[in-house]
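Please open the model in your viewer, with side chains ready to be displayed, and follow the selections below in order.

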Amino acid sequence: MKMCKLGLMLIVTAITMLTSCLGESNNSVTAEAYPGVFRFRNTTMMVETIYGYIYSPDMMTRYPEYTDGSCAAVSFSFDMGAPENADADKKGYITASSFSVEAAFESGDVLNYTDTTQVMENEFAMLSGGYGMNNYQLCTVMSGTLFLTSVYAKNTNQESHFQMSLDPGQEPTLSQDGKNYVYKAFLRGTVVYPGKAPATNLGTTQGYDLHRQLEQINARELARGKSDYLLQIYYVSEINDSVPAWTPVELAIGFLTEEKK
């Protein structure tokens, strides 16, 4: 089983590590169309990214339609050597010199359970259940929000809806090397409006808020004395005689267990 270990990171730790990794000679970062989650910290709007919390003074004025938990593809630049970022590790956020929203992401439904033996009404098969953005592993996870890009054959003007189920009470299996417990999540898509042919293969990104399920799994694995665990996502790749066929996404996602702060 292949694995990408993204983990559950503390943002302040991420900023400290970023400062160290950039070094003194190159303190600048430019990120284009990276997944982000809008957050309000003491009434101040910020965006959580793989680099940590990103702040821009005019963010709230320019993007008032985004609320806490909204997901989007964002572009930004920052310089860790700039005066406004001198104490970024203490403040817990990075001030960007430029920031823009490229596209909003829809939020997929999250359930604890789905009947994997039965096809849902208007369900469709996918060509892939998970591609990454900007070649950043297979997916991105931030504070329990999982971003996945699913590929499927979409008609013109078709409207689709996605859901993911993750049962935190499931009995996990052991990985092939016997080192980690593996939990299963199931990704499905349904047609809301059929649109018109012809269909083209399209990749679309959703954000799935799994933090409640992951918190419960985290507690279970801590109780076992485990330092990490895996999440394997399955998607419907075929539908034959009203029976869905499930295929695992190529990489399993690795999470580090953490004590509750």
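A charge sits over a ring if NZ of Lys or CZ of Arg is within 6 Å of the ring centre and within 35 degrees of the ring normal. With that criterion in mind, select Tyr181 and Arg224: the charged end of Arg224 sits over the ring of Tyr181, 4.0 Å from its centre. This is a predicted model, in which local features need pLDDT of at least 70 and side-chain atom pairs count only at pLDDT 80 or more, whereas totals for chains, interfaces and linings use all residues. Residues are numbered from 1 along each chain as its sequence is written, and side-chain values use heavy atoms, with hydrogens and water left out.

Buried means under 20% relative accessible area, exposed over 50%, and partly exposed in between, with a 1.4 Å probe and protein chains only. Glu221, at 0% relative accessibility, therefore counts as buried, while Arg224, at 33%, counts as partly exposed.

Next, select Glu123 and Arg188, whose salt bridge brings the closest N and O atoms to 2.8 Å. The pair links distant parts of the chain, with Glu123 in strand E9 (residues 123-124) and Arg188 in strand E15 (residues 181-193), 65 residues apart. Both of these residues are buried.

Now move to the aromatic side chains. Rings of Phe, Tyr and Trp (its six-membered ring) pair if their centres lie within 6.5 Å; planes under 30 degrees apart count as stacked, over 60 as edge-to-face and the rest as tilted. The whole structure holds 16 such pairs. Select Tyr51 and Phe76, whose ring centres are 6.0 Å apart with planes at 85°, so the pair is edge-to-face. Tyr51 lies in the loop between strand E3 (44-49) and strand E4 (52-55), and Phe76 in strand E5 (residues 71-79), 25 residues apart.

Finally, select Arg41 and Tyr53, where Arg41 lies over the face of the ring at 4.4 Å from the ring centre.

Key: Helices (H or I, at least four residues) and strands (E, at least two) are DSSP runs, numbered from the N terminus. A salt bridge is a side-chain nitrogen of Lys or Arg within 4 Å of a carboxyl oxygen of Asp or Glu.
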